[in-house]
Amino acid sequence: KDGSYDMVALDPPALIVNKKSFSQGVKAYRELNVEALRVTSPGGVLSTSSCSYHLLEDRFEEMVQKALADKAREARVLRRGSMSADHPVIPAMLEGRYLKNLFLAV
């Protein structure tokens, strides 16, 4: 069990700052998630997040699934998260919907 943890929280800064950096940013998020999975104990929990507006929720989940496949791991989504109530989204400004989180049982 040396070098592995029952709970890992991955909360990097925005890695996709514009459309031009999308591919490189998704690759960086995937690599970070692969490394986080490497140190998450079997039966552990991984909390993984993104604050990149250009990475929508479905693409975020797809990237996490690919990271799981890279490490031959399976996971169950315990919770999907986003902004809290004190961080409202203005309907005319969807850029405010940038926070996303998956809480996974690995």
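Q: Is Arg30 buried, partly exposed or exposed?
A: This is a predicted model. In it, Arg30 has a relative accessible area of 28%.

Q: Which side chain does Arg30 meet in a salt bridge?
A: Asp70. The N to O distance is 2.9 Å. Arg30 lies in helix α1 and Asp70 in helix α2, so the pair ties together parts 40 residues apart in sequence. Asp70 is partly exposed too, at 43%.

Q: How many salt bridges are there?
A: Six. Another one joins Arg80 and Glu61, with the closest N and O atoms 2.6 Å apart. Arg80 sits in strand β3 and Glu61 in helix α2, so this pair links parts 19 residues apart in sequence. Arg80 is exposed, at 53%.

Q: What about Lys66, what is it linked to?
A: Lys66 is in a salt-bridge network with Arg59 and Glu62. Lys66 and Glu62 both lie in helix α2, four residues apart, about one turn.

Q: New topic. What order do the strands come in?
A: The order is β1-β2-β4-β3, in an open sheet with mixed pairing. β1 and β3 stand at the edges with a single partner strand each, so one side of each has no neighbour in the sheet.

Q: How do β1 and β2 run?
A: Parallel, joined by five bridges. Met7 stands opposite Val45 in β2.

Q: And where do the helices lie?
A: Helix α1 lies across β1 and β2. Helix α2 lies across β2, β3 and β4.

How values were computed:
Residues numbered from 1 in each chain as written. Predicted model: local features only at pLDDT ≥ 70, side-chain atom pairs only at ≥ 80, totals over all residues. Heavy atoms only, no water. Pairing = 2+ DSSP bridges. Helix = DSSP H or I, 4+ residues; strand = E, 2+ residues; numbered from the N terminus. Contact = heavy atoms within 4.5 Å. Axes fitted to C-alpha atoms, helices over the stretch in contact; angles between N-to-C directions. Salt bridge = Lys/Arg side-chain N within 4 Å of Asp/Glu carboxyl O. Buried < 20%, exposed > 50% of the residue type's maximum accessible area, 1.4 Å probe, protein only.
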